[in-house]
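Hi,

Here is the structure I said I would pass on.

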Amino acid sequence: MSKKKKQKPVYFASARVLKWKQEESLPGKLDRLLEKMDLAGRLEKDEWVAVKTHFGSAGAHRIIRPVFLSRVVSALKAAGAKPFVTDTVRISGLDYLEIATRNGINQLSVGAPVVLADGLYGRDNILVKAGDILGEVAVASLIHDAPAMVVCSHIKGHINSGYAGAIKNLAMGGVSASHRGCGWRCGRGAMHSLGEGRLFWDEDKCQLCYQCEDICPLECITFGKEGKKFEYADERCWRCGRCTRVCPGQAIAHEEADPVQFMQGLAEAAQAVLGTFKPGKVIYVNFLTDIQPECDCMPGTDVPVVQDKGILVSDDLVAVEQASIDMLQGSPPLPESAASDSGLKQGDDILLELHKKDYRVQIEHARKLGLGSPDYELIQI
Ligand code: SF4
Ligand code: SF4
């Protein structure tokens, strides 16, 4: 007789409020979701716990709201742990902390220290062996050294991976942009790039809008005295790809990983980040709210493309990601959004159609690497 496969529990709270009580709102439901995770049973007394989130950007405000982070922090403290809220450096560290504060994430709002996982310069990291694509990656030292972590991921679209959730949050968010010895080659730029990942400029296509110059976190791009000639400091460039994403005329491009390689690289980096934790020490909280078409590190944020769904919690990375993408299926595109502007209709896979990237690759590769199981049981609270 064949044994039935054990399904991984994924707990779900709907964003709908059917009773006008605080406990029935999403922050109140998050408390109950976290109770399902038996935090006290998983964590040692006074154990430090990284609460990994994304601080957003100066214009990207649709991040996980501080009220939710404060609920996670409270639950961890109630379990006897010592949490800190963290993210890795995306721009200058001092500016990024300022952005976190302006986006409402600070010690007063979340109830725990807010720190950069790889230091103010983004170079406090430790090389960890990754898979065949990446070789090794520079894992942010605070995440590397923390004995436990709650990965709070905002679900949204992404230009290269189609869908961005917990795998991407771990991979791009747990790895630094650069390492003291090997630079971008073992940072997150290695996931974006192919070969040397150099930038190329096509003068004929350039509209001289200077958006690439404005968005570069390292001021690598200038346009000369006359403002007409693209100049680029290749040796400083992190290969973050921000400049190419904002270019309206595809006038700059870099030697870029194809989407399959990019997503497999994400899964490899996620594996490297998780490799420093003992089993059961990482919990995933996926927020299917403000599901906008692009990444939270873009300079702005568009309106959501599908309605808020709620929050999913699990201790299985692949299960929570699979449940998240399943939940998005069949959602009608929201009016006056990038989805409705693109002519999408109910039944279409909105993120797939918007970005034309088969985002399932990252989840399937994470499964292959042994990071979890896509067989889940959805338990609604
Ligand atoms: S990829 Fe573009 S935006 Fe990023 S560091 Fe290099 S030049 Fe700057
Ligand atoms: S963003 Fe593109 S079009 Fe605008 S200045 Fe840069 S290369 Fe030219």
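This is a predicted model: local features need pLDDT of at least 70, side-chain atom pairs count only at pLDDT 80 or more; totals for chains, interfaces and linings use all residues.

Residues are numbered from 1 along each chain as its sequence is written, and chains are lettered from A and ligands numbered from 1 in the order in which they are written.

**Domains**

The protein chain is assigned domain 1 (8-190 + 258-380) and domain 2 (194-256); the bounds come from an automatic or database domain assignment. Their C-alpha centres are 28 Å apart. Where they meet, domain 1 supplies 11 residues and domain 2 eight, with contact meaning C-beta atoms, placed from the backbone, within 7 Å. On the domain 1 side, that set splits into six nonpolar, four polar and one charged. For the classes, Ala, Val, Leu, Ile, Met, Phe, Trp, Tyr, Cys and Pro are nonpolar, Asp, Glu, Lys and Arg are charged, and the others, Gly among them, are polar.

**Cores**

The largest nonpolar core has 112 residues, and V72, A269 and A270 have the most contacts inside it. A nonpolar core here is a set of buried Ala, Val, Leu, Ile, Met, Phe, Trp, Tyr and Cys residues joined through C-beta atoms within 7 Å. Buried means 20 or more other C-beta atoms within 10 Å of the residue's own, exposed means 12 or fewer, and partly exposed is in between, again with C-beta atoms placed from the backbone. Helix α11 (residues 259-274) gives the most to this core, nine residues. Helices (H or I, at least four residues) and strands (E, at least two) are DSSP runs, numbered from the N terminus. Both domain 1 and domain 2 put at least three residues into the core. Beyond four places in sequence, A269 touches A130, L134, V137, A171, V175 and M191. There is also a second, separate core of seven residues, including I215, C216, C243 and C247.

**Ligand shells**

Which residues are closest to ligand 1? They are C216, C220, C237, C240 and C243, out of 13 that surround it; the cut-off for being near is a C-beta atom, placed from the backbone, within 6 Å. That shell has 10 nonpolar, one polar and two charged residues. Ligand 2 has 14 residues around it, with C206, C209, C212, C247 and A251 coming nearest. Its shell has 11 nonpolar, three polar and no charged residues.

In α1 (residues 26-35), the buried residues are L26, K29, L30, L33 and L34. They sit on the same side of α1, because they cover an arc of only 145° around the axis; the arc is that of the directions from the helix axis to the C-beta atoms. The buried residues of α1 pack against β1 (8-14), α2 (39-42), α3 (66-78) and β15 (310-314).

Helix α4 (residues 93-102) buries Y96, I99 and A100. Those residues fall within an arc of 100° seen down the axis, so they line one face of the helix. Strand β4 (114-116) is part of what covers them. After α4 comes G104, with a positive phi near 95°.

**Loop residues**

D38 is in the loop between α1 and α2 and is partly exposed, with 13 other C-beta atoms within 10 Å. L208 is in the loop between β10 (199-201) and α9 (211-215) and is exposed, with 11 such atoms within 10 Å.

S176 and D118 are 58 residues apart in sequence but 6.6 Å apart in space, C-alpha to C-alpha. Outside four places in sequence, the contacts of S176 include T88, V89, D118 and G187.

Lastly, P374 lies in the loop between α15 (360-368) and β16 (376-380). P374 is 367 residues from Q7 in sequence, yet 8.4 Å from it in space, C-alpha to C-alpha.

Cheers

Methods. Two residues are in contact if their C-beta atoms, placed from the backbone, lie within 7 Å.
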